[in-house]
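Here is a walk through one structure, from its overall arrangement down to a single helix. Keep the 3D view open as you read.

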Protein chains: 2
Amino acid sequence: MKEQPLAGVTVLDFGQVYNGPYCGFLLAQGGARVIKVESLIGETLRARGTASTASFPFGLLNSNKESFTLNIKSPEGQTLLKRLVKEVDVVLENFAPGTMDKYGIGNEGLRQENPALIYASSTGYGSSVGPYRDYLGMDITLQAMTGVMSITGEDGGPPLKTAAAFADFIAGTHLYAGIVSALYARTVSGEGAVVDISMQDCVFPTLATALGSAYGAGKQTPRAGNRHPGKALAPYNVYTASDGHVAIICIREGHWRKMCKAMDRPDLAERPEFATFADRCEHMDELDAEINQWTSQHTREEIFSTAQQHGVISAPVKDLMEVLDDPHLAARGTLVKRPHETFGEVVQMHTPLRYKGIDPPALTPPPELGGATDQVLTELLGLSSDEIDELRSKEAI
Amino acid sequence: MKEQPLAGVTVLDFGQVYNGPYCGFLLAQGGARVIKVESLIGETLRARGTASTASFPFGLLNSNKESFTLNIKSPEGQTLLKRLVKEVDVVLENFAPGTMDKYGIGNEGLRQENPALIYASSTGYGSSVGPYRDYLGMDITLQAMTGVMSITGEDGGPPLKTAAAFADFIAGTHLYAGIVSALYARTVSGEGAVVDISMQDCVFPTLATALGSAYGAGKQTPRAGNRHPGKALAPYNVYTASDGHVAIICIREGHWRKMCKAMDRPDLAERPEFATFADRCEHMDELDAEINQWTSQHTREEIFSTAQQHGVISAPVKDLMEVLDDPHLAARGTLVKRPHETFGEVVQMHTPLRYKGIDPPALTPPPELGGATDQVLTELLGLSSDEIDELRSKEAI
């Protein structure tokens with residue numbers, strides 16, 4: 001690949017917080033021109049204030065975008081949007097269900113102006129049909145609704161969320177996937193599309209192992225901490241190292257034999273109670289105790305390195321500060337540092353979508369609110385400065 | 001959209017377990033012809049046995065695919081693959097790093113045969129550069145390495161994984177995203193591409209909130225259970241209902257006022273210690289106690305419905321059995337039931353990528369191992385039955 005894959009594509013990104021903005025981030029890093037459309041006070045995450053902790057994720061997700069202010073509640077703003085969509089390829093949004101339709105600028109209103117437009121939205125429960133269609137959703141409530149919390153945590157403890165906002169981000173990734181699929185289809189048909197992503201749909205597949213275990217048991221199995229959801233694989237756990245914790249998993253019989261070599265414990269490979277997966281699962285506590293005995297005498301890095309050398313799948317449990325300085329993320333160019341107005345220095349990231357032969361675009365800081373409004377109106381619609389002034393005086397932009 | 005977006009695209013899917021197969025699933029449900037290429041004993045998840053609990057995820061992820069057996073370790077198998085790639089658009093794989101290269105059929109070997117080929121791989125740490133490049137990774141070890149475990153769990157408790165295999169699935173979604181981006185780019189350039197996805201890269205963005213909190217505090221904050229990672233929003237927690245738990249989150253000041261109305265507690269909206277986000281975070285225990293007092297008197301469904309009617313973002317904590325019967329997933333056609341050889345009946349899913357005007361293809365059961373081998377060789381390469389027999393006698397297919 002010699003050019004960014006989405007060069008030449010223009011996007012109006014109405015994204016809020018994580019889901020939509022992450023999609024816009026992937027599009028921008030993929031070479032599209034991404035115009036971030038914000039209310040006159042800025043999108044939710046920006047509005048939480050530049051000195052707040054929300055400014056970090058805002059900067060993370062809004063590099064390589066231009067900022068355009070638009071008051072979608074004003075009739076002039078709505079008219080302006082209808083003109084703008086004739087000049088762009090994609091509109092994406094993750095507002096509360098029905099927000100854009102309320103102002104006549106949902107998929108029907110906008111695709112009337114430009115039948116080649118791809119209109120893409122992501123909501124908690126999708127925007128087409130069903131009893132929850134109009135309901136609000138955010139990462140934590142989707143983790144609740146999809147059963148993820150019910151399987152996370154310890155036996156006897158409460159249901160727990162993961163503090164990684166994965167429901168938001170996996171939906172934003174699907175939103176990007178739907179948009180690019182529609183762009184590809186348009187090269188054949190010439191027609192636009194309406195992409196409808198439901199966070200609930202996107203999270204469901206991640207239950208695969210736990211659902212298999214539940215079907216096998218005929219009922220939901222108890223929460224299993226860091227073990228396999230159905231306690232059907234062992235070793236499979238987080239073990240204690242001399243300086244923290246490590247995760248180790250054996251998914252083939254061969255991994256167990258390699259694990260015994262890594263621990264320098266040939267005797268364990270011969271023990272009949274550890275002979276097969278079924279045997280090891282039956283003697284899981286005893287097995288985990290043997291492994292803990294080894295891991296507790298070594299550092300996380302020693303265990304990680306020894307295990308990988310022996311072909312055993314393992315990793316240290318890193319904390320966030322270690323992740324920010326991870327040598328591999330640095331080597332891949334995933335993380336780079338930029339100055340921050342309050343925190344001194346923060347990381348920014350490049351896209352996970354990588355193609356041999358071309359690097360992702362250099363990262364820019366997040367755009368100033370409305371910094372590209374005039375330029376966009378001049379370039380895309382040929383408006384004069386008087387016309388722009390009038391729109392501004394009417395609080396349309 | 002009147003036709004599936006990827007109609008006419010042909011894929012060789014070497015996917016194993018979740019990451020690659022989910023990508024192949026999205027491609028197949030998007031209308032591509034997906035030929036699942038398996039070793040002579042079947043891919044890892046199939047090989048765990050049809051009566052095992054692994055057969056559920058195998059069925060979930062391998063609908064709408066054809067199965068083709070190929071021994072990539074045999075010289076005849078390698079030669080055959082080099083002929084096959086001239087007839088297809090995409091090869092995807094998530095083997096251990098370097099597996100395909102070892103046999104001369106990695107991206108360089110195959111793209112020599114077909115420069116328009118898109119070769120896409122996903123590994124724990126990406127296949128291009130960096131100190132972890134050759135290391136094995138699976139969902140649980142990536143949750144460890146990326147810091148996700150370090151922020152999940154309760155204050156004072158151990159680091160915990162989420163039992164949702166989201167590292168695998170978010171990587172598989174990015175793998176699809178990279179492939180379709182490359183297909184789009186190819187319509188302009190005519191050239192193929194090498195797509196390189198690292199699970200570590202894909203998980204990193206999900207840390208956004210927790211990293212913001214860590215930057216704000218100048219260090220990693222303690223694990224926060226179901227609360228906001230930096231305890232910077234309230235209400236934001238999982239509360240006790242009369243029949244389980246519910247998640248509730250207020251992200252705007254207006255949500256809190258609506259929450260007070262939903263609880264019929266106008267007095268709380270007037271309480272100075274709950275006046276602003278900062279106030280409520282300072283009095284988080286007291287606030288959560290007030291909310292628990294209300295939620296504990298109602299069922300999850302009553303709370304969910306009342307909250308949503310008042311514009312408050314909430315959801316019941318559902319268990320897996322409830323998720324399988326979720327009325328909204330049924331209404332969207334996301335889940336459908338099929339007979340299972342051991343479990344009686346299981347669900348299968350349609351793709352989360354939905355387009356107005358066209359439904360995803362009807363689901364098929366997972367294919368029999370090698371069920372399409374002869375047909376593929378006849379259709380794509382025009383081989384005679386004698387030639388096919390010879391390949392079979394050499395254990396190449």
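**How the two chains are arranged**

In this predicted model, chain B superposes on chain A by a rotation of 180 degrees with 0.0 Å of shift along its axis, at an RMSD of 0.0 Å. That is the relation of a two-fold axis.

Now look at where the chains touch. The contact involves 119 residues of chain B and 120 residues of chain A. On the chain B side, helix α9 (residues 166-189) gives the most, with 16 residues. That side of chain B comprises 76 nonpolar, 34 polar and 9 charged residues. Of the interface residues of chain B, 100% are also interface residues in chain A, so the copies meet through the same surface.

Strand β6 of chain A (residues 193-198) pairs with strand β12 of chain B (residues 354-355). The pairing is antiparallel and runs over 2 bridges. Here A:Asp196 stands opposite B:Arg354 in β12(B).

Next, turn to helix α19 of chain B, residues 373-381. Which of its residues are buried? They are B:Thr373, B:Val376 and B:Leu377. These residues cover an arc of only 95 degrees around the axis, which puts them on the same side of α19(B). An α-helix has 3.6 residues a turn, so residues three or four places apart point the same way. The buried residues of α19(B) pack against β2 (33-38), β3 (65-69) and α20 (385-393) of chain B. On the other side of α19(B), B:Gln375 and B:Glu379 are exposed. Just after the helix, B:Gly382 takes a positive phi of about 65 degrees.

Note on methods
Residues numbered from 1 in each chain as written. Chains lettered and ligands numbered in written order. Predicted model: local features only at pLDDT ≥ 70, side-chain atom pairs only at ≥ 80, totals over all residues. Buried ≥ 20, exposed ≤ 12 C-beta atoms within 10 Å, placed from the backbone. Helix = DSSP H or I, 4+ residues; strand = E, 2+ residues; numbered from the N terminus. Arc of directions from axis to C-beta. Contact = placed C-beta atoms within 7 Å. Least-squares fit on C-alpha atoms with pLDDT ≥ 70 in both. Nonpolar A, V, L, I, M, F, W, Y, C, P; charged D, E, K, R; others polar. Pairing = 2+ DSSP bridges.
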